[in-house]
Amino acid sequence: MYNQIVYGSLLHPLELKSHGISMNDVEFVKVKNFKRIFNQEPVRRRADIKHRAVLNIEKDESSWFNAILIKNISENSLKELDAREAGYDRINLEDGLVTYYKDGKIAKNCFVYIGKEGKQSDKILPNIEYAQICLDGAKSHFEQFYQDYLKTTYKNTTKNHKKLI
């Protein structure tokens with residue numbers, strides 16, 4: 001059994017529910033050594049030419065982001081998840097990188113999806129509808145989780161820089 005880390009639209013309880021995932025099956029976590037950023041080219045979501053970025057993570061040893069851990073993903077579910085996350089690669093996270101909000105203990109056997117190499121752009125801005133789903137999802141949990149989402153989520157600017165949302 002595996003633990004899936006989700007950091008984008010699946011932060012929203014209604015998105016989780018649409019995939020048959022109950023809030024009883026999740027834990028709130030922090031993930032070290034990665035930065036969350038709106039720089040991924042979408043595979044499924046339609047948007048205008050400039051506002052099309054969806055969330056991705058990049059390796060960055062000085063960063064972290066908050067997320068939801070979906071407990072006990074079966075081997076069979078992995079194929080379905082891989083299909084859903086077509087623009088991403090599934091990677092296993094080293095034990096010690098994921099800790100629980102509630103007690104700071106380490107979560108083990110975690111995996112996360114990271115954008116496929118070459119599918120990012122520093123010239124695109126967030127897909128507005130998608131970004132709102134992610135924001136509303138983070139806000140639907142507890143206040144510290146929402147504040148941490150705001151402090152750990154980046155987007156491109158029109159001047160090709162990265163800044164917090």
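Close-up 1. Lys116 is partly exposed, with a relative accessible area of 28%, where buried means under 20%, exposed over 50% and partly exposed in between (1.4 Å probe, protein chains only). The model is predicted, so local features need pLDDT of at least 70 and side-chain atom pairs count only at pLDDT 80 or more, while totals for chains, interfaces and linings use all residues. Residues are numbered from 1 along each chain as its sequence is written, and side-chain values use heavy atoms, with hydrogens and water left out. The side chain of Lys116 meets that of Asp89 in a salt bridge at 2.8 Å, N to O, a term for a side-chain nitrogen of Lys or Arg within 4 Å of a carboxyl oxygen of Asp or Glu. Because Lys116 lies in the loop between β6 (110-115) and β7 (125-126) and Asp89 in strand β4 (residues 88-92), the pair ties together parts that are 27 residues apart in sequence. Asp89 is also partly exposed, at 32%.

**Close-up 2. The salt bridge between Asp148 and Lys151.** In this pair the N to O distance is 3.4 Å, and the two residues, three apart in helix α4, are separated by about one helical turn. Asp148 is buried, with a relative accessible area of 2%.

**Close-up 3. The contact of helices α3 and α4.** The axes of α3 (residues 128-139) and α4 (residues 143-151) come within 7 Å and cross at roughly 145°; axes are lines fitted to C-alpha atoms, for helices over the stretch in contact, and angles run from 0 to 180 degrees between N-to-C directions. Helices (H or I, at least four residues) and strands (E, at least two) are DSSP runs, numbered from the N terminus. Cys134, Leu135, Ala138 and Lys139 in α3 meet Phe145, Tyr146, Tyr149 and Leu150 in α4, with contact meaning heavy atoms within 4.5 Å.
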